4 protein chains.
Amino acid sequence: MKISNDARGVYAIAPTPFHDDGAVDEKSLDRLTDFYLESGVTGITVLGQLGEAPKLEHSEALAVASRVISRAGVPVVVGVSAPGFAAMRALSDAVMDAGAAGVMIAPPASLRTDDQIIGYYRNAAKAIGPDVPFVIQDYPLTFSVVMAPKVIRAIVAENPGCVMLKHEDWPGLEKISALRGFEADGSMRRLSILCGNGGLFLDFETERGADGAMTGYCFPDMLVELVELAARGERNAAHDLFDAHLPLLRYEQQPGVGLAVRKYVFMRRGILASEAQRAPAGSLSAAARGEVDLLLSRLAAKDPRARMDG
Amino acid sequence: MKISNDARGVYAIAPTPFHDDGAVDEKSLDRLTDFYLESGVTGITVLGQLGEAPKLEHSEALAVASRVISRAGVPVVVGVSAPGFAAMRALSDAVMDAGAAGVMIAPPASLRTDDQIIGYYRNAAKAIGPDVPFVIQDYPLTFSVVMAPKVIRAIVAENPGCVMLKHEDWPGLEKISALRGFEADGSMRRLSILCGNGGLFLDFETERGADGAMTGYCFPDMLVELVELAARGERNAAHDLFDAHLPLLRYEQQPGVGLAVRKYVFMRRGILASEAQRAPAGSLSAAARGEVDLLLSRLAAKDPRARMDG
Amino acid sequence: MKISNDARGVYAIAPTPFHDDGAVDEKSLDRLTDFYLESGVTGITVLGQLGEAPKLEHSEALAVASRVISRAGVPVVVGVSAPGFAAMRALSDAVMDAGAAGVMIAPPASLRTDDQIIGYYRNAAKAIGPDVPFVIQDYPLTFSVVMAPKVIRAIVAENPGCVMLKHEDWPGLEKISALRGFEADGSMRRLSILCGNGGLFLDFETERGADGAMTGYCFPDMLVELVELAARGERNAAHDLFDAHLPLLRYEQQPGVGLAVRKYVFMRRGILASEAQRAPAGSLSAAARGEVDLLLSRLAAKDPRARMDG
Amino acid sequence: MKISNDARGVYAIAPTPFHDDGAVDEKSLDRLTDFYLESGVTGITVLGQLGEAPKLEHSEALAVASRVISRAGVPVVVGVSAPGFAAMRALSDAVMDAGAAGVMIAPPASLRTDDQIIGYYRNAAKAIGPDVPFVIQDYPLTFSVVMAPKVIRAIVAENPGCVMLKHEDWPGLEKISALRGFEADGSMRRLSILCGNGGLFLDFETERGADGAMTGYCFPDMLVELVELAARGERNAAHDLFDAHLPLLRYEQQPGVGLAVRKYVFMRRGILASEAQRAPAGSLSAAARGEVDLLLSRLAAKDPRARMDG
């Protein structure tokens, strides 16, 4: 079960649950996995930036990935970004052996020119090997690397393993149109495009040709429904649903605060036992919790999934 | 008529209208000024980043500022950010002579440490002179300068002319609370805080203690109403209004695209004769125009101000 | 008298002399011009970063450029980098009318992808017009823009006016070899390459194929001699001369300190009346002055030009 | 044997030797260790940036550190910089158990304000524990974090374990004077200051009060001699020695090229069996090797240590 370039739907970006003392919380991880499955996701992505991957030791990272893989029964993509290719290959080999569906690779911040970026992915693809499908993570706001559409096309052309783009450029709508245009004019083979950036433009991204979402918004069930509505061409219903969630979604998309909001909501929903993050960690003030609570309560009036009972 | 630290309400950030050939369009500028006044703004800010200030020559910049000042009858703040203090002083002197209510100063991207930032504003304040009230523009996403709350406090303490903060840090809610906390504990005199960042968090910023908005969202009348609702404590009505506009507001807040959206909407509303920008310029694809049209039409169902007739 | 792609030798980057009160010091500017001519330079570049160009008003900038042009009798290149093309064109038109030999354009820091850089120079070339020869300033350390050799080739191919590269990438030796390789394989027409970056690698840059230097080191006469020795193939003599100056040259190449060192040495040499810079300005501590004095005195033992009499 | 705040002399920054196939080369590592000892270094630093630390897996990193520690008989500092504190603590615990003399911590690039930097070192110190002496690595060019002298003072004040500064700010001479000034006025306890940045200003850094060098220049024996000459006040001899090496030292200090030069020279000196780096790796062109050879041969005329026999 590997990801391919016709992947569609929603891949949930999973946070890594911790106990208050910083140990990985396996029971919460299981509940989270089950929750994603019940939400109807197509797949799950672990060990991304939001998964606090850089704060885990290699053995912990492998244990988290393996646990989700063995429980999920859906494709699991694993983030393997690393400062060196030795560590990238080691983690990639281990998680693919454990049953991962593919790996995700973000570019290091030092890359600037088109050829530097293309060369990096060439070397990364060589490091993980030709049989491992991989996802390009294109997130300039966080990684400071700007990939022109033609750079993505070149990476796709060179590397058969490149099957998916985690698209989170901002602004990013024209990039989706440009990539789909490359496919239409025959200059690029099909690429699965799943959108991140917190889902902040998912309403239009699906209309521009994205195949779905790969993001961690705390209501993955909404993302699933939105992608389905868009696929069926129910434009107004899709926008109505999106607009109802936008106030919270926008709040969750604040840099450095988003993960704290997400863990807090998952805790309130009974999925995580603790909202703890490993240091260095963001946190929510009392005022911020109140704001999230207000947003949830206002959302509940429009979408019953947001009702927090008890 | 100068700005002071008890300023409240909405300062509209005015774009600079151009003819298709790149010349400043004075008639559109007058219509725009009138439109802001009809929208109930407290003041107007010209020659900010959104006003394409760096693309104007000194004489053009002065002409634009003077024209708005003489027509507006409300306080006009003028952006005077410049790479050197000589040019800053020259423009500041000229616009204050022309009747400006104060000036706005953004930090150069090279500043990093607390003392570098404090020192820069000390020198800038010295350059413009003690009688000119000024606004700190705190916009890390654009300027790459991060100001801790205590840095802002130090700038306020050193410079009597510092009366206002254009707050557009992201995330930024805790910063407002921190600054209001400084006032409450007596460690900082009162500062007018008007929020920018496209208004993306104005719903909560007003609740955290902001005095209003200084931003260029294409419905300044909505901003005025929102700030008034918040001031009267009508929390639900404020959030309802904000949420109705959020889909468009979020679309307008895309980096590099926002000004194009804004000028397009002002053109559709009959205020600007052209959506032209001076090079280097962003622009809207046909798909993007369609998206803005959809957002306007969906908004019109909730807010009649968004109806584009004929 | 315009610059062309076969320019060779040394273009001195001129600082702008100020009186202690910040006014432009025309007499010192004249002495400086004469000094450069006596040093044997091929040309002079004014209003670069080191010339404190961003701190001058438009009229001052034009006056400085015109004064040097009318006195020099050698080609004068004028920096016209500006945040917008309107200001760039205005300054370019004015200095070309005044007799400049060409203009120099640095890229804005926001450019990242290859096509963004190529597109910027396309628009800049259009703004200044087809008859104005221009110099690309390639200085990533200061401008944060990284140009691959093939990007420079594309700019040269598109713009007949592009005749010269101010090369100051670091590391940069392989870039010179790559560009000369493009010429050798017929994929790029000849480009004059003059090296900046304080001259820190001029010993090898000339051997890699550079045509000379465009930098502001305080001993332009040494640069002239070095370029001539290299052109004549007197490798050991060239390295001996370079190595003698390297301790001071390296000291002068410190970011933010260099201009202060340069003005101090020019003041000690009797060329500038004052070492004043306009704010924001770097300055030299007493310890730093002592260090420069030591370097000069040690240099004087090897090169009599460094003797400071009196 | 732990480092303390009165450490003086030279700590050699050790590269990690690899075989051509990328495996760690233990025999070369032993030869390198022996070479450092014969050169008279006070200590050795392993797993810094130049040691390709981010390209090693945890077990490899620990093995390299342990091997050097057990062989060296002088204090060994180990770089433990990591994106999360869990990995930092794990590596710190392991190498201190293996006999390391202390650890070195570089700041993550996301830090901007004074308090963010101070807070980071507070948390790092807590993670590694109060008994582990640590070194601040202050290298803005590489890490994009700018530490004002008073920020370093605050870190020293808060953390008893902070005993040493690897100083490699550029320009950096005034920072040394400022820190020694803090000690003189009683506002900061003594801090050992060892200079990096390739040694490019070591001639004056020692005169400003630095205790020595912590850098990887390929002639550590020269660094040892220079620091001793400076300590004895033999200023002219120190500068003569420094100036003789400056052409090569400057060449080695090119970003991204330096390690390749260093490994090449160590290979030519018979210490390393291979100049291989792990990907992503810099490399030397034939022209660059020729340039290094020329610099070595010119140096050999002044310093017999540079003679490459055979």
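The legends below describe close-up views of a predicted model. Local features need pLDDT of at least 70 and side-chain atom pairs count only at pLDDT 80 or more, while totals for chains, interfaces and linings use all residues. Residues are numbered from 1 along each chain as its sequence is written, chains are lettered from A and ligands numbered from 1 in the order in which they are written, and side-chain values use heavy atoms, with hydrogens and water left out.

**View 1. Interface of chain B and chain A.** Contact, meaning heavy atoms within 4.5 Å, links 32 residues of chain B with 32 residues of chain A. The buried area (accessible area, 1.4 Å probe, that two parts lose on being put together, summed over both) is about 2,900 Å², and carbon and sulfur atoms give 61% of it. On the chain B side, B:Trp170, B:Arg250 and B:Arg298 supply 23% of the area buried against chain A, more than any other three residues.

View 2. The interface holds 8 salt bridges, each a side-chain nitrogen of Lys or Arg within 4 Å of a carboxyl oxygen of Asp or Glu. In one of them B:Arg250 meets A:Asp203, at 3.0 Å from N to O. Elements giving two or more residues to the chain B side are α7 (173–184), α8 (202–208), α10 (235–252) and α12 (286–300) of chain B. Helices (H or I, at least four residues) and strands (E, at least two) are DSSP runs, numbered from the N terminus. The largest share, 10 residues, comes from α10(B). By class, this side has 17 nonpolar, 6 polar and 9 charged residues, with Ala, Val, Leu, Ile, Met, Phe, Trp, Tyr, Cys and Pro counted as nonpolar, Asp, Glu, Lys and Arg as charged, and the others, Gly among them, as polar.

**View 3. Interface of chain D and chain B.** Here 11 residues of chain D are in contact with 10 residues of chain B. About 900 Å² is buried between the two chains, 47% of it from carbon and sulfur atoms. B:Asp115 and D:Lys150 form a salt bridge in which the closest N and O atoms are 2.9 Å apart. Helix α4 (residues 114–128) of chain D gives the most to the chain D side, with 3 residues. That side has 4 nonpolar, 3 polar and 4 charged residues.

**View 4. Barrel of chain C.** In chain C, 8 strands close into a barrel in the order β1-β2-β3-β4-β5-β6-β7-β8, with parallel pairing. The twist averages 25° from one strand to the next. Strand β1 (residues 9–13) of chain C runs parallel to β8 (residues 212–215) of chain C and is joined to it by 4 bridges; two strands pair if DSSP finds at least two bridges between them. C:Tyr11 stands opposite C:Met214 in β8(C).

**View 5. Strands and a helix of chain A.** Strands β5 (residues 134–138) and β6 (residues 162–167) of chain A pair in the parallel sense over 5 bridges. A:Asp138 has A:His167 in β6(A) as its bridge partner. Helix α3 (residues 85–97) of chain A lies across β3 (76–79) and β4 (102–105) of chain A, running at about 155° to β4(A). Axes are lines fitted to C-alpha atoms, for helices over the stretch in contact, and angles run from 0 to 180 degrees between N-to-C directions.
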